Amino acid sequence: MTYLILGLIFFLGVHSTRIVADGFRARTIARTGLNPWKGVYALISIAGFVLLVWGYGQARYESAVLYNPPQFMRHIAALLMLVSLVLVAAAYVPRNHIKAALGHPMYAGIKVWAFAHLLSNGRLVDVILFGAFLVWATIGFITSRQRDRAAGATCPAGDGLRTVLTVIAGVGVWVALVSGLHLWLIGVAPFV
């Protein structure tokens, strides 16, 4: 469990810089340049991600069970993942209606992803992993929206075609996951 927690600290820590230390981030980028900042950011992110994946894999079968969700929660979680993946796709497809409405669909998608997995997984390791991401994404969404309002920033208006492409992209990844990719990557079939 130690590696999972260290991974979460590194990964979510570096991804929290704009949340807790936006001034530090801006000063560092001004002093060192954007590319060195991105390089260090990427290295810490990758190290954190590797640690959390490895730590989760180590702790997942030895973790205490806190609650046993009913079987139907897997189906609800799988359907929530459809929403999550469309939201994540909206973060990458420019000028879609979802991004125009939410401003930060990546945070929203991660919140739905984490919540869905908390519904269907009741081990301590799951609560730590998905709970940490749920808290982080909630705080990130709130602070990003506040920062946008304070700066008077708005997202460009959405376009119908780009919104359809966003939904298709999210649904496509979801279909791949439920068709075997999740089982291959994680070892769990979503609807079983």
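L12 is found in helix 1, and the model it belongs to is predicted.

Visitor: Is L12 buried, partly exposed or exposed?
Guide: The cut-off for buried is under 20% relative accessible area. L12 has a relative accessibility of 8%. Because that value falls under the cut-off, L12 counts as buried.

Visitor: Leaving aside neighbours within four places in sequence, which residues is L12 in contact with?
Guide: L12 sits in helix 1. F49 is 37 residues apart from L12 along the chain, with 9.1 Å between the two C-alpha atoms. With neighbours within four places set aside, the contacts of L12 are G7, A132, F133 and W136.

Visitor: Which element gives the largest share of the nonpolar patch?
Guide: The patch covers about 1000 Å² of surface, and its residues include M1, Y3, I5, W54 and L124. Two elements give two or more residues to the patch, namely helix 1 (2-14) and helix 4 (34-59). The largest share is five residues, and the element that gives it is helix 1.

Visitor: Where is L66 placed?
Guide: L66 is one of the residues that make the nonpolar patch. L66 is also among the residues in contact with R123. The place of L66 is the loop between helix 4 and helix 5 (72-92).

Visitor: Which residue has its backbone oxygen 2.8 Å from a polar atom of the R123 side chain?
Guide: R123 is placed in the loop between helix 7 and helix 8. Leaving aside neighbours within four places in sequence, the contacts of R123 include Y56, R60, S63 and A64. The backbone oxygen at 2.8 Å from the R123 side chain belongs to R60.

Visitor: Which helices do the buried residues of helix 5 pack against?
Guide: Helix 5 has 21 residues and reaches 31 Å from first to last C-alpha, close to the 30 Å expected at 1.5 Å a residue. Its buried residues include M73, A77, M81, L85 and A89. The buried residues of helix 5 pack against helix 6 (97-102), helix 7 (105-120) and helix 9 (160-186).

Visitor: How far apart are the end C-alpha atoms of helix 8?
Guide: Helix 8 takes in residues 124-151, which is 28 residues. At 1.5 Å a residue, helix 8 should therefore span 40 Å. The separation of the end C-alpha atoms agrees, at 40 Å.

Visitor: Which residue with a positive phi follows helix 8?
Guide: Helix 8 covers residues 124-151. The residue that follows helix 8 has a phi near 70°. That residue is G152.

Key: Residues are numbered from 1 along each chain as its sequence is written. This is a predicted model: local features need pLDDT of at least 70, side-chain atom pairs count only at pLDDT 80 or more; totals for chains, interfaces and linings use all residues. Side-chain values use heavy atoms; hydrogens and water are left out. Patches are made of residues with over 30% relative accessible area and no salt bridge: like charges are joined within 9 Å, nonpolar side chains (Val, Leu, Ile, Met, Phe, Trp, Tyr) within 5 Å. Accessible areas come from the Shrake-Rupley method with a 1.4 Å probe; for residues, only the protein chains shown count as cover. A salt bridge is a side-chain nitrogen of Lys or Arg within 4 Å of a carboxyl oxygen of Asp or Glu. Helices (H or I, at least four residues) and strands (E, at least two) are DSSP runs, numbered from the N terminus. The expected span of a helix is 1.5 Å times one less than its number of residues. Buried means under 20% relative accessible area, exposed over 50%, partly exposed in between (1.4 Å probe, protein chains only). Contact means heavy atoms within 4.5 Å. A polar contact is a pair of N or O atoms within 3.5 Å; within protein, one must be able to donate a hydrogen and the other to accept it, and residues adjacent in sequence count only if both atoms are side-chain atoms.
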